[in-house]
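Please provide a briefing on selected strands and helices of the structure shown here.

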Amino acid sequence: MFLINCPFCGERDQSEFSSGGEAHIVRPKQPTELSDDEWAEYLFMRKNIKGIQFERWNHVHGCRKWFNVVRDTSNDKILSVYKMGEKPPVNYK
Amino acid sequence: MPNYRIHKTEYIDETKRVSFKYDGKTYFGYEGDTLASALLANGIHLVGRSFKYHRPRGIVSCGAEEPNAICQIGSKKSLTEPNVRATELELYEGLEASSQNCWPNVKFDIGGINNFISPLIPAGFYYKTFMWPKSFWKKVYEPLIRLSAGLGKSPTEPDPDIYDHKYVHYDVLVIGGGVSGIIAAKMAAKNNLKTLLVDDKKILGGSTIYQNNESIKIDDKLSSEWLKNEIQEIKKLSNLTIKTRTSIAAYHGYNFLLAKENLTDHLPEEKKKNKIRQRLWKIRAKKVVIATGSIERPLVFNNNDRPGILLSNSINKYLDYYGVTCGENIILFTNNDSTYETSISLHKKGIKNIIVDLRKSASSELIKQAESLGIKIYFNHVVTNTFGYRKINSLEIMKLSEDGNTTVGNKIRLSCDCLGMSGGWTPMVHMHTQSGGKLDFRDEDQVFLPKENSEDQISVGSCNGDFDLENIIDKTVNKINKFLDIDNQDYQDTNIICSKENDKRNIWLLPNKIPLGKTKCFIDFQNDSTAKDIKLALKEGFRSIEHVKRYTTTGMATDQGKLSNMHALGIIADTAGVKMGTLGTTTFRPPFTPLTFGTLVGRNVGKFFEVVRKTSMHEWHVENNAEFENVGQWKRPWYYAKKGENMHDAVQRESKAARDSAGILDASTLGKIDIQGTDASEFLNRVYTNAWSKLAIGKCRYGLMLNEDGMVYDDGVTTRISENHYLMTTTTGGAANVLSKLEDYLQTEWPELDVYLTSVTDHYSTASICGPNSKKILNKIFPNLDLSDENFPHMSFKEDKLENINCRIMRISFTGELSYEINIESKYGHSLWKMCIEAGKEFNLTPYGTETMHLLRAEKGFIIVGQDTDGTMTPSDLQMDWIVSKKKYDFIGKRSLYRSDTIREDRKQLVGLLTDDPKEILEEGAQIVSDVKSKPIDMLGHVTSSYFSPNLNKSIALAVVRSGKTMKGQKLIIPMENKNINVTVSDTIFLDKENKRLNA
């Protein structure tokens, strides 16, 4: 079970959080202009990386805030945590 | 009765005699015994029958790795426990145990016939044999297999014992209290680190604690004496917690470990009472030291499974720790030095023994010691067969060829009553691999070792492949200093003398003149898989170790292959001609030893199983004979049965009353979200399919919420309380998810919106009054409120006071009747409810539950999200196109509504169904077809809601049917087990299509 460092509350047990999948998938501003394929790309396609992945987490049983996490899915190590709207750390590309 | 207890030890209290029952017969042991040691002291080796061939089996080991001595404990229906390892079970007064997997008894077992037909039941026997005829599977094969399958019996009644959970945090956790674990714990604790030391045994000290060979010494003391001194010292350390009888079950990521502590399993019945039986420790440790030691390997030769054949070191432990000899005429069969300790110890206690050693020669001090004592050693010899049915009585040995691949010369027959075997030692790398660590293979002694330790876990001692005492202590000290970044000098000058050497001659499958097909060389004792089975699997094309394991079931028994996995791997590698290290290993999965369900569940049983949410009216419902339905965590009244009524009667009465006069429903459980902020209207526009900007203050509107994929997610009525203030209601079950989803969009997609969401579900209680007389009842409760249709029309909201308490009243309807919902602060909910009941008396105001609510809304064709929808229904599928705004540029899920898949005409769509026989009520979930003769039958859809409507006096149903929108009036068939029911597709609204009743 992970220990996650909520950027608002500090380090907490994973059981207080829920995962929201891949991060930095921006909802298209003008969905109506998109083709079916383009919309499907946004809606369904996820990278599901083995290695360093950017993902969203919600401190659902805490401050209820969403934030971003950089996690290595091959060993579950959390490398970085940052708030929504902040730029992802560049050293993990 | 024979007595094999031949000398006193400090671990057995001979002043405290303990009586116990085994297979119905009473025996005696002493405090300090395990069930296994007490049985051996009574001369009992035979403790069970093997799983497949029902061969007699005896105690093999003295610990968690035991494959054979598993027994059924207790005879009570609620307290009996199967598959308990006799080698770990501490003896207590009144213990009742019995052998498993045998009938009628362990000495004469009918299933033993399987042993004689064993050539007919090879690996994969079940897969190969029970394939045909196909029709036999269900009626003949499966029941027969089930009858003979399984180990032991489960309890049939709830577990009355108490279990507990505990969360703890430590700087350092040390797993294993042997010599290296004790050193590690002492070093950590003395350097101001909060340390926890756990060990699964009753006392600390591992296998060193009973070591008494003069040639193995630390600081001029016997190693056991030295260690006892260390244990005394660590017990004084204030920041060290020591937990014995505690075993680590699982090592999860982030150094989160689960441990099981046995608190009362060793106590007699009367002392167990009202005490916690087992405790699950949930441990977070900054650093973990793994010092789990190693287990001895058996050797694989013909008939290596007879009772009386044990691991050599276990014979030593039974002797030096429990004072019990496993035989009087013992042969020890080995490929390494460690067995010589056993031999010398036996010899010194007057037990005759000889050694058969696979090695051509060996010359360590220990071996010289044995030779000088006159112990007969057969070097370069191998055991080729054993004899004796219920217990070994003799064996045959032969000389090994130069390369060790065959036997040469003549058979020598030796008599014995016990055989000790040792194939060297396997480091217990379970914890290391569970934590995500990888393994390396060391060729010289054929062991897997922990590789590349992460920064927060380390293996020390023999689980790290360090087998001699000198290495163990020196390396442990160095590694711990580095790992914990400390500079402890306690062991700087420790002087260690160890006369053992590490060389061994490893042969996975020992050679034999008899062809393999005619031998029984067991690898996995509990699951009865042999070397022949492994080879057969390879011959049949299996290559991956994971496949061979599953095909032969090697390592899949309750011991999880602690003794067998290495040999299986070794034989695969030899046969396939590949290097052992390249094969990898099977996965080591938690738990390390089986856990009880009780331990996992802890206190969360019975009424503590889950949180129960009750409305403030709950007591009234109980007093008025409500049956409750669980909706999420909520208890909602299902129906209120009057005397002599069943559920159907009650629902029919309630439904009729609600439409004829008045009904009242506790609607407090509906999710309520308070929405405030200058962008609240814009926010609602984006999350609901319909338009919200023009909703006037004081008005209510029904909304449908979609997922981004266009499927209906939730629905409910939202009220505009003031310019920037809305109250949203959600389905009872969806409340938490809706809030989460809305927060998600607000925080991540639209952070620019000024909107604040607060869950107020528990803050308000809601009484919903409906029916033609509801206005009159409201008028009695709120005499000053103008209830006229002009002032207070359908879908609007008013505030009023009840004795100075604010109430929010919405005129909204889920039944199709004129209907009001009164919201009041929760603490007044009960009073409000009673007030409504009182006011409604003269109008036969009838309380109704969720079942009537469902029926009434179905009459009106209102959907229930989650009952009539299942995450694949669009608004159009529900024939609710009217609620989807064409004008709005965007809302959640809009773009998906015209994806090629969502605009298909042949999607499943919501329709009404009327049965040809109006009395026939359909089953919810029943399949719908148009033709029962075609094969395969084309499934068109299924029934989602079905009721008998007392107001229409006929059966009605909602269903989803492929292309249903175009099928109105069409005949369809519901095929049931005994009959076909004919139905006609109808409109979804069965009652009052014109909405006259809403304004009645």
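Predicted model: local features only at pLDDT ≥ 70, side-chain atom pairs only at ≥ 80, totals over all residues.

Residues are numbered from 1 along each chain as its sequence is written, chains are lettered from A and ligands numbered from 1 in the order in which they are written, and side-chain values use heavy atoms, with hydrogens and water left out. Helices (H or I, at least four residues) and strands (E, at least two) are DSSP runs, numbered from the N terminus.

- Six of the seven residues of β22(B), residues 394-400, are buried (under 20% relative accessible area, with exposed over 50% and partly exposed in between; 1.4 Å probe, protein chains only).
- Strand β21(B), residues 381-387, pairs with β22(B) in the antiparallel sense over six bridges; pairing requires that DSSP finds at least two bridges between two strands.
- In this hairpin six residues lie between the strands, and B:G388 takes a positive phi near 110°.
- Strand β23(B), residues 407-415, is joined to β22(B) by six bridges and runs antiparallel to it.
- The hairpin of β22(B) and β23(B) also has six residues between the strands, with B:G404 at a positive phi near 80°.
- B:L395 of β22(B) stands opposite B:T386 and opposite B:L414 in β23(B).

**Helix packing**
- Helices α5(B), residues 179-190, and α12(B), residues 469-483, pack at an angle of about 30° with their axes 10 Å apart; axes are lines fitted to C-alpha atoms, for helices over the stretch in contact, and angles run from 0 to 180 degrees between N-to-C directions.
- This angle makes α5(B) roughly parallel to α12(B) (under 35 degrees; over 145 is roughly antiparallel, 65 to 115 roughly perpendicular and the rest oblique).
- Contact (heavy atoms within 4.5 Å) involves residues including B:I183 and B:M187 of α5(B) and B:I473 and B:V477 of α12(B).

**Helix α9(B)**
- Nine of the eleven residues of α9(B), residues 338-348, are buried, among them B:Y340 and B:E341.
- B:G350, with a positive phi near 80°, follows α9(B).

**Open sheet**
- Six strands of chain B form an open sheet of mixed pairing in the order β41-β42-β43-β40-β34-β44.
- β41 (796-802) and β44 (846-847) of chain B each have a single partner strand, so one side of each lacks a neighbour in the sheet.
- Four bridges join β34(B), residues 663-666, to β40(B), residues 764-770, in the antiparallel sense.
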